[in-house]
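Dear colleague,

I am handing over the structure below, and I would be grateful if you could read the notes that follow with it open beside you.

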Amino acid sequence: MEFLASEKNCLTWTGDCLVIGLTEDSLPLTGELADLNTQVSGLLQELIDETEFTGKADSTAMIRLAPGTAVRKLGLVGLGGSQALTLDGLRRGAAAAARLAKKEKCTSLGLGMPVFQDNPALTAQALAEGAILALHQDTRFKSEEKTNGKVNLDQIHLLNLAGQEASLQTAQAICDGVILARELVSAPANIVTPEVLAQTALDIAADHGLTCEILEREQCQALGMGAYLGVAQASDLPPKFIHLTYRPAGNPTRKLALVGKGLTFDSGGLNIKVAGSGIEMMKVDMGGAAAVLGAAKAIGQLKPAVEVHFISAAVENMISGKALRPGDILTASNGKTIEVNNTDAEGRLTLADALVFAEKLGVDAIIDLATLTGACIVALGDDIAGLFTDHEDLATALTAAAETAGEKFWRLPMEESYFEGMKSIVADMKNTGPRPGGSITAALFLKQFVEHTPWVHLDVAGPVWTEQESGYNNPGGTGFGVRTLVEWVRSLG
Ligand code: BES
Ligand code: MN
Ligand code: ZN
């Protein structure tokens, strides 16, 4: 797939398929679009009339033009009201256009979209992201590839966006990261093991000039990571503690740590996940680690002036004669003791030691991403991640990054009084509290392992996976979190 930032407009572009993005206020046709209608002998207006096209978001229409004309097919994509148009609306519009062109077996697509807030750079980036992510198909585990004929969409020209080549490169780097995260999440747990996550980190380091250290079980033992290793003890697969580091060429403006929950499979342990609890989906429980590795792949290419540490305590939560028992007491690497009253609250045990490790690096901020609680899905549904922090500036910066990136977060309270429910008679704390407010107590548990560094916890249990095609997402892993992380890091570089 080749992207071109073209100086052509919808009147001058020639190729297989021209798709125009229309807001609800672009009708009746005026200016360039009225001229286009004249150029195609009124067929544009006919298409609008026949399909009752109003510009409603996500609506599409397409018509075949007369043989011998400058474009073979003319399509429309609705963008909703022009006042409500967002960057993500453009991303979804480009996705719809790319899907339409592919379905109609077009080889080249000329995309004519409005410019968002007089910002051609962000517009070009969003359009390219939407198209690339929509066209990504993951057929690795299908024995035969279902192709709809031989025709391939191999050129997308962004009209009226001459000079935006840098934005196209940015989009490609970010999408490389999102696609890596999607494929890591979609692959089953018999393929993506802790060792494969570690190898992925080593590959990113080799490909993009980062450094990577993988700590083996014994090294983690030496660091006192009893909480993490408690989760690891029943699996036949060895745990791999991943520490990947990006250092910019000059002096870094900041030092950051991104920590991802890396449970390649979560059986629940002896508190085993029962039928109906979604045990068969627990390959997605490394979605945080996948996002962190995806961000590393993008950041390794974009090279911001920020030092970034990518960390995951990768492990599998299994059962065996060696399994952690409910009631066992573990000691984390900061010396705190944890009574494990539920072995299915394993993510926070692994994150405890990962957060202690991150803070010891002396970073300016830590963000963790974790498919941590079903309770967060109950609270916010499948499409919105929970955001927990006591640090207002960090909340503001991440919220802004998420808005630009088109990922949805909702801030939930760190209600300190709920930590009462985690009190243990025998240890410093239990690992689970009562059912109500389960995402909040999980966040409060993590907080015990961050002493003074500004820190945000993102509970991404819902949005890492989708069953439905929607916008630029395809069924499967979504790569959620990568775009926000990369946008936030770049905003500091
Ligand atoms: N990995 C799960 C959370 C999860 C649920 C992720 C659904 C993705 C989709 C986590 O380890 C877990 O089991 N959490 C428990 C916590 C409980 C034992 C306090 C939960 O949410 O039920
Ligand atoms: Mn669990
Ligand atoms: Zn889990």
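In this predicted model, 11 of the 11 residues of strand 11 (residues 307-317) are buried, so strand 11 is largely enclosed by the rest of the structure; buried here means under 20% relative accessible area, exposed means over 50% and partly exposed lies in between, with a 1.4 Å probe and protein chains only. Strands (E, at least two residues) and helices (H or I, at least four residues) are DSSP runs, numbered from the N terminus.

In a regular strand the side chains alternate between the two faces of the sheet. Both faces of strand 11 are covered, with Glu307, His309, Ile311, Ala313, Val315 and Asn317 buried on one side, and Val308, Phe310, Ser312, Ala314 and Glu316 buried on the other.

Strand 11 has pairing partners, two strands being counted as paired if DSSP finds at least two bridges between them. Strand 8 (residues 240-246) runs antiparallel to strand 11 and is joined to it by seven bridges, and in this pairing His243 has Ile311 as its bridge partner. Strand 9 (residues 255-260) runs parallel to strand 11, with five bridges, and here Ala257 is partnered by His309. Strand 10 (residues 263-266) is likewise parallel to strand 11, through three bridges, and Leu263 has Val315 as its bridge partner.

Turning to the helices, helix 10 (residues 347-360) and helix 13 (residues 438-447) pack at an angle of about 30°, with their axes 9 Å apart; the axes are lines fitted to C-alpha atoms over the stretch in contact, and angles run from 0 to 180 degrees between N-to-C directions. That makes helix 10 roughly parallel to helix 13, because angles under 35 degrees count as roughly parallel. The contact (heavy atoms within 4.5 Å) is made by Arg348, Leu349, Leu351, Ala352 and Leu355 of helix 10 and by Ala442, Phe445 and Leu446 of helix 13.

Finally, Cys220, which is found in helix 7 (residues 217-222), is buried, with a relative accessible area of 0%. Leaving aside neighbours within four places in sequence, Cys220 is in contact with Leu215, Met225, Tyr228, Leu229 and Phe241. The C-alpha atoms of Cys220 and Ser333, which are 113 residues apart along the chain, are separated by 9.1 Å.

As to conventions, residues are numbered from 1 along each chain as its sequence is written, and chains are lettered from A and ligands numbered from 1 in the order in which they are written. Local features need pLDDT of at least 70 and side-chain atom pairs count only at pLDDT 80 or more, while totals for chains, interfaces and linings use all residues, and side-chain values use heavy atoms, with hydrogens and water left out.

With best wishes

Technical notes
Angles under 35 degrees count as roughly parallel, over 145 as roughly antiparallel, 65 to 115 as roughly perpendicular and the rest as oblique.
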